[in-house]
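Here is a friendly tour for someone meeting this structure for the first time. Have a look at the sequence and the model, then read on.

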Amino acid sequence: MSTVTATANTTRIPALRGAADLVGRSLLASLFVISGLGKLAAYAGTAGYMESVGVPGALLPLVIALEVLGGLAIVAGYRTRIVASLLAAFSIASAVLFHSNLGDQIQQIMFLKNFALAGGFITLAARGAGGWSLDNR
């Protein structure tokens, strides 16, 4: 007969995972929340930039809503799999539409950044938000 006892290390692991999940979600989402709010502050300029690459400026309210509300949902861990899937697709579309001049080093970095973000969101979509989230209540 064996006796299993909890040690300080084994009882802390779920709390550390929950904290790490929350920090990771917050870091991924921060770029989108800040970017969405920036688009609100520079609405006309952003709409004009979108139109200059062939994307209708009328889509800007949807972009802002996805970035801000989607980012906040990711932080809260609310409907994480769905929102993360949408943000992954958005990140890839943004890379292709707005950062495809790979001869320009800045645009290449932005392109790769968007794909890296998409990778993070795909991981969230596959694994879920983790312990410290509304999805896990």
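## A buried alanine

A118 counts as buried because its relative accessibility is 1%; buried means under 20% relative accessible area, exposed means over 50%, and partly exposed lies in between (1.4 Å probe, protein chains only). You'll find A118 in helix 5. Helices here are DSSP runs (H or I, at least four residues), strands are E runs of at least two, and the numbering starts from the N terminus.

Which residues does A118 contact, once its neighbours within four places in sequence are left aside? They are A88, S91 and I92, where contact means heavy atoms within 4.5 Å. P61 is another story: it sits 57 residues from A118 along the chain, and their C-alpha atoms are separated by 21 Å.

A quick word on the ground rules: this is a predicted model, with local features needing pLDDT of at least 70 and side-chain atom pairs counting only at pLDDT 80 or more, while totals for chains, interfaces and linings use all residues. Residues are numbered from 1 along each chain as its sequence is written, and side-chain values use heavy atoms, with hydrogens and water left out.

## Helix 4 against helix 5

Helix 4 covers residues 80–98 and helix 5 covers residues 105–127; their axes come within 8 Å and cross at roughly 165°. That makes helix 4 roughly antiparallel to helix 5. Axes are lines fitted to C-alpha atoms, for helices over the stretch in contact, and angles run from 0 to 180 degrees between N-to-C directions. Under 35 degrees counts as roughly parallel, over 145 as roughly antiparallel, 65 to 115 as roughly perpendicular, and the rest as oblique.

The crossing of helix 4 past helix 5 is left-handed, a label used if the near helix is turned anticlockwise from the far one by less than a right angle, with right-handed used if clockwise. Residues of helix 4 including A84, A88 and F98 meet residues of helix 5 including F111, A118 and F121. Sorted by class, the contact of helix 4 with helix 5 has 16 nonpolar, six polar and two charged residues. Ala, Val, Leu, Ile, Met, Phe, Trp, Tyr, Cys and Pro count as nonpolar, Asp, Glu, Lys and Arg as charged, and the others, Gly among them, as polar.

## Two more residues from this pair

Not counting residues up to four places away in sequence, S94 touches H99 and N114.

I122 belongs to helix 5 and is partly exposed, with a relative accessible area of 48%.

## Helix 3 and its neighbour

Helix 3 runs over residues 60–76, which is 17 residues, and reaches 24 Å from its first C-alpha to its last. That is close to the expected 24 Å, worked out as 1.5 Å times one less than the number of residues. Among the buried residues of helix 3 are L60, V63, I64 and V68.

Helix 2 (residues 43–52) packs with helix 3 at an angle of about 110°, with their axes 10 Å apart. The two, helix 2 and helix 3, are therefore roughly perpendicular to each other. On the helix 2 side the contact uses Y43, T46, A47 and M50, and on the helix 3 side L60, P61, V63 and I64. Seven of these residues are nonpolar, one is polar and none is charged.

## After helix 3

G77 follows helix 3 and has a positive phi, near 70°. R79, in the loop between helix 3 and helix 4, also has a positive phi, of about 50°, although R79 is not a glycine.
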